[in-house]
Amino acid sequence: MHYENDNENIIRRALGKVSESLITERCKNVVRVKYRLGLFANPYITTSQDVKYAPAHLAAAQKTAEESAVLLKNANNVLPLAATAKRILLTGPMADAPHDQLGTWVFDGEKNHTITPLKSLQETDGLQINYVPALTYSRDSRIDGIAKAVAAAKNSDVILFVGGEESILSGEAHSLANLNLQGAQSQLLEALKKTGKPVIAVIMAGRPLTIKRDLDNCDAMIYMFHPGTMGGPALVNILTGKVNPSGKLPVTFPISVGQVPVYYGKSMTGRPANGNEVLLDDIPAEAGQTSLGCRSYFLDDGFGPLLNFGYGLSYTTFKYSDLKISGNTFSKGDVIKVSCKAANTGSRDGATVVQLYVRDLVGSIVRPVLELKDFRRVEIPAGQTVDIEFSVPVSRLEFFGMDKKFVLEPGKFKLWVAQDSGLKDALEGEFEVR
């Protein structure tokens with residue numbers, strides 16, 4: 001790009017004025033990019049709004065909400081709901097919040113079109129819904145409504161809590177120092193858990209929240225983020241088993257804000273924890289201080305996050321096997337072929353996201369512990385096995401080096417095919433780049 005720097009323009013800029021030729025040049029650059037993007041191929045569009053809330057668009061919105069919902073916990077397979085679980089106590093500040101369900105940055109959102117969990121459940125045949133909100137909105141700290149919800153639980157087969165955060169609490173310039181559930185939501189969940197009834201928690205939020213205490217106070221939890229207009233029908237399909245959840249976390253969930261920033265691709269350290277270190281409650285009084293053996297972990301929060309990047313449960317189970325790598329050594333320009341088998345070992349059809357991670361063992365700058373290099377979302381019928389194949393160009397192993405250029409360095413790499421970045425039960429291999 002050419003910049004004018006003659007004396008006349010220097011003076012014009014100093015006076016707050018710009019030459020016509022400079023404006024023309026800048027405009028040409030903008031238009032040139034638009035042409036390259038094809039924006040002028042069809043410059044005239046209809047202004048008709050007849051497509052708003054078209055059935056096909058609503059169906060797509062519902063499918064998106066269904067596939068992005070993440071099942072975080074499902075103790076004793078409380079989900080999907082048993083045929084005998086007909087009496088449902090519905091509670092929580094997001095159970096019927098049509099505006100906040102739309103989420104952040106929906107300036108033209110129309111809440112009167114939102115189908116909330118309350119509305120969708122009430123329209124579901126065979127269910128008896130007792131709606132006791134207990135809290136009027138997510139920041140409501142009044143606890144007088146909790147007793148009403150607890151009393152209503154006595155005549156219910158299952159409790160469905162829908163909480164989280166209002167849309168205004170997240171987004172640009174809306175940071176929070178405390179990422180716990182706002183208001184008295186955690187108190188409500190704790191009280192509901194003490195009733196002895198199965199508790200299903202659904203969280204609608206615009207960010208990862210610190211929900212460790214809340215996971216402990218429910219039997220199942222679904223994280224829907226802000227699911228949008230069709231969040232209600234999507235949730236009902238998941239609860240009733242018409243949809244088997246397959247969503248995976250796109251971000252790491254911390255135990256507490258003290259762990260932030262926390263992410264799966266953290267830099268390797270010279271002293272990683274081995275998981276056997278002494279934690280806070282086990283340190284004796286007047287313990288001696290030493291710098292020897294110090295490792296990277298938290299005395300109070302332990303060795304890792306609450307939930308790993310890529311984590312997500314299903315109503316079925318999956319197992320990977322038979323890892324194969326197309327070679328031991330690769331060069332620039334090669335493509336690394338990785339394959340394995342993925343089996344649905346449960347009794348329900350389901351989908352999973354098979355994830356491929358690598359680790360560059362040595363680099364001229366500190367390298368991440370893990371890097372996600374590829375993934376495949378596959379639907380697998382119950383009891384069947386499918387072949388999974390990845391193609392990773394060696395160029396994808398480049399990184400931004402000290403000289404501010406992308407560089408491919410020789411060395412050894414580890415590779416994993418896993419269900420999430422925690423690498424539990426992952427398939428492991430290795431290769432070398434020369």
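Q62 is buried, with a relative accessible area of 17%; buried here means under 20% relative accessible area, exposed means over 50%, and partly exposed is in between, with a 1.4 Å probe and protein chains only. This is a predicted model, in which local features need pLDDT of at least 70 and side-chain atom pairs count only at pLDDT 80 or more, while totals for chains, interfaces and linings use all residues. Residues are numbered from 1 along each chain as its sequence is written, and side-chain values use heavy atoms, leaving out hydrogens and water.

Which residues does Q62 touch? Leaving aside residues up to four places away in sequence, Q62 touches M230, P233, A234 and N237, where contact means heavy atoms within 4.5 Å.

## Helix 3

Q62 lies in helix 3, which covers residues 55–68. Helices (H or I, at least four residues) and strands (E, at least two) are DSSP runs, numbered from the N terminus.

Buried in helix 3 are Q62, A65 and E66. They cover an arc of only 100° around the axis, which puts them on the same side of helix 3; the arc is that of the directions from the helix axis to the C-beta atoms. Helix 9 (231–240) is included in what covers these buried residues. The face turned away from the buried side carries the exposed residues A56 and T64.

## Helix 2

Now for another helix. Helix 2 (residues 20–36) has 17 residues and reaches 24 Å from its first C-alpha to its last, close to the 24 Å expected at 1.5 Å a residue. L22, E25 and N29 are buried in helix 2. Seen down the axis, the buried residues of helix 2 fall within an arc of 60°, so they line one face of the helix.

On the face of helix 2 turned away from the buried side sit the exposed residues E20, K28 and Y35. Just after helix 2, G38 takes a positive phi of about 80°.

I211 sits in the loop between strand 5 (199–204) and helix 8 (212–216). Is I211 buried or exposed? At 0% relative accessibility, I211 counts as buried. Not counting residues up to four places away in sequence, I211 touches L72, M221, Y223, F253 and L306. I211 and L179 are 32 residues apart in sequence, yet 8.3 Å apart in space, C-alpha to C-alpha.

Y223 also counts as buried, at 0% relative accessibility. The whole structure holds ten aromatic pairs; rings of Phe, Tyr and Trp (its six-membered ring) pair if their centres lie within 6.5 Å, with planes under 30 degrees apart counted as stacked, over 60 as edge-to-face and the rest as tilted. Y223 and F225 form an edge-to-face pair, 5.0 Å centre to centre with 70° between the planes. Together, Y223, F225 and F253 form one aromatic cluster.

Three strands form an open, antiparallel sheet in the order 7-9-12; two strands pair if DSSP finds at least two bridges between them. Strand 7 (318–325) and strand 12 (385–393) stand at the edges, each with a single partner strand, so one side of each is left without a neighbour in the sheet.

Strand 7 is joined to strand 9 (residues 335–344) by six bridges. K324 has S339 in strand 9 as its bridge partner.

Conventions. The expected span of a helix is 1.5 Å times one less than its number of residues.
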